[in-house]
Each structure stands twice: as C-alpha cells, then as structure tokens.
Amino acid sequence: MRNQKLKTTLLSTVALLVVAVAATLIGPVIAGQDNDEIAEKEAAVHPNKLKTKYPIKHLVVIFNENRSFDHYFGTYPNALNPEGEPLFEPAKNTPRDINNLLSSPALLDSNPNLNAANGAGATNPFRLDRTQANTADQGHAYTPEQKAYDGGKNDLFPLDTGKGTSGGAGAFGTTGQVMGYFDGNTVTAFWNYAQNFAMSDNAWTDDFGPSTPGALNMFAGTTNGAVVPAGLTANTIPDGQGGLTLINDTDPTGDTCSSQTAQVSMTSKNIGDLLNAADIPWGSFMGGFNLQTINNNSTTGCARSSVGQAVGATADYIPHHAWFQYFTSTANLTHARPTSTKAIGYTSVPGTKNVDPANHAYDLEDFTTAVGAGNFPAVSFIKLPAFQDAHPGYSDPLDEQTGVVTLINFLQQQRDWDSTAVIIAYDDSDGWADHAFSPTTHPSFSTTADALNGAGICGVVGTTEPAGVNGMPVHGRCGPGTRTPFVVISPYAKKNYVSHVLITQASIPQFIEDNWLKGERLGGGSFDATTGSIVDMFNFKRADSAELFLDPTFGTVETRKQAKKND
Amino acid sequence: MLLRTIVWFLGAGLMAGAVFAAEPQTLPGENPNPIHLIRRPVEPLSAMARLGRDIFFDTSLSSSGKMACASCHSPDHAYGPPNDGPVVFGGPALADPGARAVPSLTYLERQPDFSIGPDDRENETVTLAQMAEVGQTADRVQKTATQAAQSAANIVPQGGLFWDGRADTLQMQASGPLLDPREMDGGSIEIIAEKLRHAPYARKFATLFGENIFKNANLLVAEATFAVGRYQVEEPSFHSYTSKFDYWLEGKARLGDSEMRGYRLFNDQEKANCAGCHSAQPTRDGLPPLFTDTQYEALAAPRNLTLADTKDPNYFDLGVCGPIRKDVADQTQFCGMFKTPTLRNTAVRRAFFHNGVFQTLQQVMDFYNFRDTNPEKVYPLGVDGKAQKYNDIPVKYHANVDVSDPPFNRHPGETPAMTAQDEADIIAFLKTLNDGYKPEE
C-alpha cells in the first residue's frame with residue numbers, strides 16, 4: 001500500500017501538469033523497458049481483487065441521449081406488431097404495475113395535452129412507427145421543460161417543448177410530435193432487455209435541462225460551481241451566492257474541439273476524483289475521442305464523422321457531452337492517447353511511476369481493445385459515437401440499438417461478465433412528453449430561469465434550495481426534472497423486474513461510492529448523498545439472469561443462455 | 001508511432017484501394033480507377049412504404065379527382081413532369097397552370113435540411129436568422145470543380161426541398177402540392193382526412209397507428225404524407241443509381257468519345273465548370289455523386305412570358321426570398337436564388353430552370369455559354385436594341401446574380417467558354433446520367 005499512497009500524492013501534484021504533458025505527446029509511445037523492470041513489483045491494481053460491497057467488480061454506464069420514459073416504454077409490454085416489423089410478444093410474468101400510459105388508459109384517450117393551450121399541437125399520445133425512428137428534435141432547455149411539466153400537470157408539452165429541428169429528408173415531424181412514443185417494434189432491444197433484466201419506471205434527471213447538466217449530475221451530482229473564461233459566454237445563471245450554476249449546454253473550457261466563443265468549467269468534486277484517490281481503475285470512453293483515428297470516410301480530428309441508418313454523416317465527438325472535460329482533475333483537453341492498452345484505466349502507467357497522459361479519458365475503441373485484452377476497468381463510463389447516442393436530429397433509436405446491443409453482446413462474452421453490471425441511462429428527456437411528475441425535492445427560485453410553478457418559481461415557495469459547492473443554497477438545480485429510461489443488465493439483475501424506487505442520475509455515483517468506496521460521498525451539495533439507490537434492481541444473493549444475445553439491427557433475441565445456478 | 005502509422009496505412013489503403021485495383025492497361029473510355037459505390041440495399045417495402053405507394057397514386061385526394069402525386073411526378077419520366085409545357089395544370093378542372101416547373105422527386109433521399117451555411121445538426125440552438133447574419137459578413141469561396149470541398153462551407157443557403165428549399169422533409173414537401181389550389185387542390189386537412197378515412201387503404205393506418213389515428217385529422221394527414229415520403233425513401237426507382245456514369249465509375253461501362261469529352265468539359269473550370277455546383281464526385285462515405293451541392297444560386301434565367309403569373313409586370317419569382325417562401329423574405333441577399341437541382345435524369349426533362357423557360361438542354365447550354373459574352377442570344381432585346389439582362393429579377397437585386405463562378409465570370413465580347421462541339425459533348429455526357437443503363441456482362 002506504500003505505492004498507493006505515493007500515487008495518490010503524485011496525482012494531486014501533477015494534475016495541473018497533465019495538460020502540459022499531454023500537449024507535447026503527439027502519438028502513442030510504447031512504455032520504456034527500463035521503467036517496466038524497475039517497477040515489476042508495482043503490479044497494477046486489479047479490479048477483480050478490489051474489495052466491494054456487492055459482487056460487482058465491473059460497472060459499465062452507457063450514457064445515452066434524449067429520450068423520456070413514456071417515449072420508449074409508454075405502452076410496454078404491448079407492441080402493435082405491424083406486418084414486416086420485428087415482433088415483440090411479452091412474457092406472461094411481465095409486471096403490469098408499471099407507471100406508463102398503458103396502466104392508465106385515460107392517458108392514451110383523453111390526455112391532459114389535449115389542453116387547448118397547446119393549439120394545433122394538442123393531441124393524445126400516438127405510436128411512432130419503426131420507419132419513423134428518425135424524428136425531429138424536441139425542445140429541452142431548463143426553462144421550457146419546467147413550463148411543459150406545468151407544476152405537475154404535465155399538460156403543455158406541445159406548447160413548450162414540442163418544437164425543434166427537422167432531421168433531414170426522411171425524418172418524421174408533425175405538430176404535437178412531442179407526444180409520440182415508440183414501442184417494441186422499434187426499441188425492440190430495450191424491451192427485450194427489460195424482459196430479461198431489470199429497469200426502473202421512476203428514474204429522473206436530477207435537474208430540468210439538457211445534455212451538459214445531465215452529464216455533470218451523472219458524474220458529479222451537481223451543476224453548481226461553474227466558471228466561465230474571461231471574454232467567453234456560457235449558459236450559466238447567477239446562483240444567488242456569488243457563483244454560477246450551469247443550466248443548459250456549453251462546451252468544456254479548453255477542449256481542442258470546443259466552441260471558441262462559449263466554454264465553461266466546473267469546480268466541484270466528481271466521482272473520478274474519489275476513484276483516483278482510492279486508486280481504483282476507471283475510465284471514460286467516448287466515440288470520436290481519439291483525434292488521430294481516420295474513419296473509413298477519411299474524416300479525422302474533431303471533424304471525424306459517421307453515417308447512420310436514418311440520418312446522414314454526423315460528427316462522432318460532441319464536446320458538450322464529455323462529463324470529464326469540465327474538471328481540471330479529470331480532463332484530457334488535447335485528447336492525448338494512453339501510453340499503452342494496459343495503461344487504460346490507470347492514473348500511472350502500471351509498473352512505472354509515469355503519469356499516463358490520457359488521464360482516464362479514452363476513445364470508445366480503447367474500451368473494447370482494453371476489455372478484450374483482459375484489462376477491464378472497475379468503472380467505465382461510455383458515450384457512443386454521436387450517430388448512435390440516440391439524440392433526435394442526428395441520431396435515432398435504431399442506430400442507438402445497434403451501438404448498445406453490439407456493446408452488450410461483447411460484454412456478455414467476456415470472462416468477467418459474471419461480476420459485471422451495465423447501466424443504460426440518459427442525460428435528458430429531449431423534452432419528449434412523459435405523464436409522470438415527481439414532487440420537487442430540491443427547488444430553485446431564479447427569477448430568470450425557473451418557471452415550473454410560475455415565473456421565478458420551481459418547487460414549493462418557502463422550501464430551501466439545495467446547497468451549492470460552498471454549502472449555501474443556490475439557484476438553478478431544480479428537480480427531480482424529467483423521467484427517463486434506466487435499465488440494468490447484469491447476471492445479478494432481477495429478471496423481468498420493474499423497480500419503483502425513485503432514483504436519479506446521481507444514483508450512479510452513489511452506487512459506485514457504496515460498492516467501492518465504503519459509502520464515501522462527494523460533498524459540496526452533490527445529489528449523491530440524497531438521491532435513491534439502484535440496488536432494488538439487483539439480487540446480489542444469486543446471479544439469476546441468463547445471458548441474452550440480441551440482433552444488433554432488429555433487437556430481436558438471437559440466443560438465450562441458461563442462468564447459472566450458483567446458490 | 002507504430003500505432004499511428006498503422007492507422008494511417010489503413011486509412012490511406014481504403015482511399016487508394018481503387019488505384020491498386022486498376023488494371024495496367026485500360027480500354028478507351030474505361031475508368032482507369034474504378035471504385036465501389038455504396039447503394040441502399042434493396043429490401044421489401046415496409047408497411048408504411050406500401051401505404052405511401054397507395055397514396056402516391058391516389059387521384060381521389062385531388063379536387064378534380066384526376067390528379068395524384070404521380071400525375072406530375074411521373075414514374076415513367078424519372079418522377080418529373082410528363083407533359084411538354086413549362087408547368088403542369090391543376091386545380092378543380094385541371095385548368096390552372098402551376099407556378100413553377102415540376103422538379104423531379106428522384107435523388108432527394110439524402111437531402112439535408114435547409115440551412116444557411118453547412119448543416120450543423122449537433123448545434124441545437126442556431127436559427128435561420130442567426131445563420132443568415134453570419135452569412136452577410138462571411139467570405140465566399142469561388143465555386144469550381146476543383147474546390148468543391150471548400151465552397152461547400154460557404155455561408156449560403158443549402159439543402160431543403162422545392163425550388164426555394166421551404167420544406168425540409170419529404171413529408172412536408174408532399175403536403176405542398178396536396179393543398180396547393182393550382183395543383184391537387186385538396187381543400188383542407190379535414191377534407192383530405194375524411195377521404196383518407198374512407199380510402200380503400202384506410203385499414204393500413206389502423207394497423208400502423210391504432211384506431212385513434214382516425215380521430216385526429218392533423219395527425220392522420222401527417223402520417224399519410226410521411227408515408228408518401230417513406231415510399232420515396234424505400235422504393236429503389238427513386239434513387240437507383242443505375243446510370244451509365246455510375247457503372248463507368250465502377251468500371252462496368254465505357255464512355256464513348258463524345259461522352260468522355262463532355263465529362264472532361266463538365267469538370268473543366270476553364271470551360272463549362274458544371275461540376276462546380278453539380279458535384280460529380282462520390283462522397284467520402286462511398287455514396288454515388290448527387291450532381292448537386294444542394295446550394296442556391298441566382299443565375300438569372302430569362303423571364304418566361306408564357307407563365308400566367310408573369311402577365312403581371314410587377315410579379316417576380318425570387319425563390320428563397322419569396323413570394324412563395326415567406327420565412328426569409330427579409331434576407332434580400334438571397335433574392336433570385338434557386339436550388340441547384342441534380343442533373344441525374346435531367347436529359348429526360350422538357351422543362352428546365354424554376355420557370356421552365358428552356359425546353360431543351362441545348363437552350364440550357366447556350367444560356368450558360370452566352371449569358372455574359374453574348375447576352376443578346378439569351379435575353380430579349382429592349383426598345384434600345386440592347387439585351388434585357390437579368391430580366392426576371394428586379395434591378396435592385398441584380399447584385400445577387402452570380403458573376404464569379406466560371407463560366408459566368410466572362411464579359412461581353414470575350415470568347416464564350418464553349419464551342420458548339422463542346423456543348424454537344426456535354427449534352428452527350430448528361431445523357432449518361434439517365435437511370436436504367438444495362439451494363440455489359
């Protein structure tokens with residue numbers, strides 16, 4: 001443990017130097033032999049040997065974009081099954097006490113969004129067909145989402161969030177489109193995962209608002225403590241205590257690929273800091289992050305692009321989705337490459353005292369390379385390349401399905417699958433309609449931004465706003481916000497189970513802290529301390545769920561392996 | 001450095017594969033560097049597309065009961081107009097002339113949204129007004145066949161459907177003619193919805209959307225027009241990429257002498273420079289060339305006095321800035337701009353430019369060739385005996401007309417860019433862009 005102490009110290013002193021080191025490293029460098037020999041004894045921390053509260057040694061968080069719960073599971077488990085589309089038939093023991101449209105049929109026939117205030121967009125929820133996977137993007141900023149939820153009446157979606165970009169020649173768009181939902185003929189893989197593993201019908205974004213706030217809450221549990229570089233702009237609001245809270249999307253300060261006019265960084269602690277301090281191998285893996293890769297279409301650098309099924313070529317890497325880039329301690333602003341495959345997940349190159357320039361931030365391809373080579377970090381945060389991240393306008397559920405299924409099929413083939421859990425979660429709802437409302441547990445009273453319960457009000461007047469990074473109540477963190485899908489895939493996931501425990505994006509760092517860090521919390525007003533736990537979706541006493549290999553194009557079941565009996 | 005070298009080699013290998021694959025000696029007219037084109041796999045039409053096909057050919061949705069989408073977008077004429085005139089007649093008695101020439105519905109499946117400057121879908125907050133503002137101060141790269149990639153970044157209108165780009169999706173496009181009183185003249189959403197509820201294919205809506213669909217007229221018509229667009233996306237004949245030129249690119253066909261000369265002139269920025277806008281290169285993703293950069297240009301085609309609207313001397317069809325399109329009317333720098341159409345299947349057309357002023361490709365080539373060197377061959381002469389240049393655009397917008405991209409950068413008295421033989425060769429090449437070529441085995 002002498003070395004662990006040393007590494008921890010090293011990390012805190014070199015964190016500021018990482019940027020400079022990274023800038024000088026242009027290409028991958030093979031670790032020097034000398035260092036290897038010197039430190040042969042300093043073997044890398046192996047995740048399988050780390051002490052954990054639960055039998056989970058590997059957590060993989062696939063953090064996708066912009067879908068609400070009703071939008072993906074509104075009529076679960078009943079699909080319309082038109083001729084020629086992937087068939088979905090629910091298992092007989094599928095729970096029926098799910099908080100969706102199907103369990104309250106009035107929502108399908110006389111929905112509150114028929115509200116005349118929605119004008120021509122007033123409509124009941126309606127099915128989106130598989131051929132309509134490519135839809136217009138909806139409005140999903142902090143204030144319009146609050147207006148759409150309308151104090152819990154959830155009856156102004158067409159008016160307040162039902163607008164957006166068109167999405168190209170083949171896209172589907174209509175007034176009232178925000179009320180559209182997919183079923184098991186389109187999001188077939190998700191419905192099949194729900195049938196065989198566990199999901200939540202009570203998972204929320206910590207705050208209202210779009211991608212960047214969602215990513216920060218998943219990684220740090222807070223959006224307070226924002227810093228805007230002099231001369232640049234950011235979507236922040238004054239927090240009422242002399243600081244700033246980020247409420248909408250802004251690129252991270254200093255990222256090679258960021259906007260030159262709008263940038264922001266964060267000063268709170270994040271889960272990466274806690275993992276680093278405990279020397280636990282972890283990484284963020286984003287499609288398009290390696291700027292040296294040349295795609296088949298010859299694009300490279302920040303402009304690397306891919307073509308999806310439903311939409312044309314779109315950039316792989318989107319800076320405002322990169323949770324780790326907002327923090328000095330976890331950023332890899334130049335997108336420096338890891339020293340070697342075995343260095344992936346580690347602060348220092350294993351067997352040496354050399355700090356690895358990648359600083360826990362890698363390309364998605366590095367994930368499959370490392371895991372395939374037996375180097376499976378304890379905690380891995382995944383962002384699929386943009387065309388597969390599900391964000392309407394440039395991605396779609398079918399490309400998302402291909403990306404997710406390919407990754408999960410791959411993970412189930414790994415030796416360590418026995419001790420792996422995969423979480424599929426979302427950064428925001430895109431503003432897609434959802435009928436559920438969670439009473440506001442952390443209010444906000446910003447005169448410029450809040451609107452849930454009237455101008456300048458989000459929550460119950462007289463209640464106290466959540467603490468910011470300096471411990472004082474701050475504006476701009478109103479929530480729980482919007483309801484999103486949340487699926488857990490693991491041998492330890494309960495089978496065909498729907499959890500009703502209220503959880504949020506910050507439940508993800510909370511689970512990591514509980515499992516690996518003896519329940520240590522981030523502090524500084526992070527929601528990890530107050531949100532609900534995801535453990536209801538697990539049965540840690542037995543690995544109950546069988547492996548499930550799906551077709552990446554259709555999401556249909558290819559093979560199902562018998563559950564292992566190990567109780 | 002090893003890893004990087006490997007990555008570079010793989011990338012370069014993919015790009016250069018065509019070179020390695022080439023035979024040492026080639027026959028005359030053969031592509032020395034054949035490539036592989038990626039075409040959409042042919043699959044059975046989805047239920048949605050089959051519904052769309054029913055609607056596409058349904059004449060009952062028009063007020064005349066005689067006009068369907070397919071009437072103007074004739075499958076036998078590359079989904080363009082089947083008649084000889086500049087426009088097609090619609091309305092209740094099929095007696096009302098349309099405002100513009102009917103565009104082809106082919107090769108729209110990859111059309112990006114209308115935008116000013118390159119489409120930037122990951123940026124979630126830019127409005128058309130903001131984009132136009134940027135465009136007013138941005139530099140513009142001259143469009144030539146050799147710097148298409150650079151000019152693609154010009155902050156000018158691009159993408160969208162119709163001659164003025166006012167629709168982004170095929171669904172939105174389909175509802176235009178359906179409701180236009182001079183075209184199908186469908187009356188109203190409610191009237192069309194009621195017809196759909198009783199159409200022979202009505203049950204298909206229920207199987208795709210449930211019974212509730214019939215209660216919401218707006219949604220029912222939106223689903224119907226989406227289905228039409230989906231039919232266009234899935235049905236291979238809308239984008240078959242089966243021209244002689246496609247097969248030539250793949251090394252499966254040889255161009256004749258005139259066609260080959262025409263192809264060179266098409267790409268020659270000192271001559272026709274057609275490829276400056278009608279992009280002839282496959283995309284980086286291996287998709288076949290579209291023969292349009294989807295940008296907008298003010299070329300100042302002569303006024304077509306045979307159109308009904310032009311009987312009013314104060315009527316000017318100015319494309320992007322109106323009068324049909326309304327939302328960017330205040331961006332007067334775009335007045336007179338119309339979308340560059342694909343040249344695929346253009347040789348089967350008999351109405352060219354937005355106002356159908358030309359009936360033959362020969363007239364079109366003469367326009368490009370003589371507009372600036374010998375305008376009297378293109379425009380009518382005024383009482384002063386001089387050519388009335390740009391006579392379909394008000395004088396205050398003449399500065400919008402393209403005089404920078406060859407061959408439009410010439411001046412009166414200079415030698416025209418092309419000879420008569422050049423024009424004939426280019427027309428021969430354009431005919432290789434018609435679909436339905438049968439390559440030699």
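What you see here is a predicted model, where local features need pLDDT of at least 70, side-chain atom pairs count only at pLDDT 80 or more, and totals for chains, interfaces and linings use all residues. Residues are numbered from 1 along each chain as its sequence is written, with chains lettered from A and ligands numbered from 1 in the order in which they are written.

**View 1. Helices α2 and α9 of chain B cross.** The axes (lines fitted to C-alpha atoms over the stretch in contact, with angles from 0 to 180 degrees between N-to-C directions) of α2(B), residues 47-56, and α9(B), residues 217-234, come within 7 Å and cross at roughly 105°. So α2(B) and α9(B) are roughly perpendicular to each other. Contact here means C-beta atoms, placed from the backbone, within 7 Å. Look for M48(B), L51(B) and F56(B) among the α2(B) residues involved, and for A227(B) and Y231(B) among those of α9(B).

**View 2. An open sheet of 8 strands in chain A.** Helices (H or I, at least four residues) and strands (E, at least two) are DSSP runs, numbered from the N terminus. Read across, the order is β14-β11-β15-β1-β16-β17-β4-β18, with mixed pairing (strands pair if DSSP finds at least two bridges between them). β14 (361-363) and β18 (497-499) of chain A stand at the edges with a single partner strand each, so one side of each has no neighbour in the sheet.

**View 3. Strands β11 and β14 of chain A side by side.** They run parallel, joined by 3 bridges. S284(A) sits opposite A361(A) in β14(A).

Definitions and conventions. Angles under 35 degrees count as roughly parallel, over 145 as roughly antiparallel, 65 to 115 as roughly perpendicular and the rest as oblique. Two residues are in contact if their C-beta atoms, placed from the backbone, lie within 7 Å.
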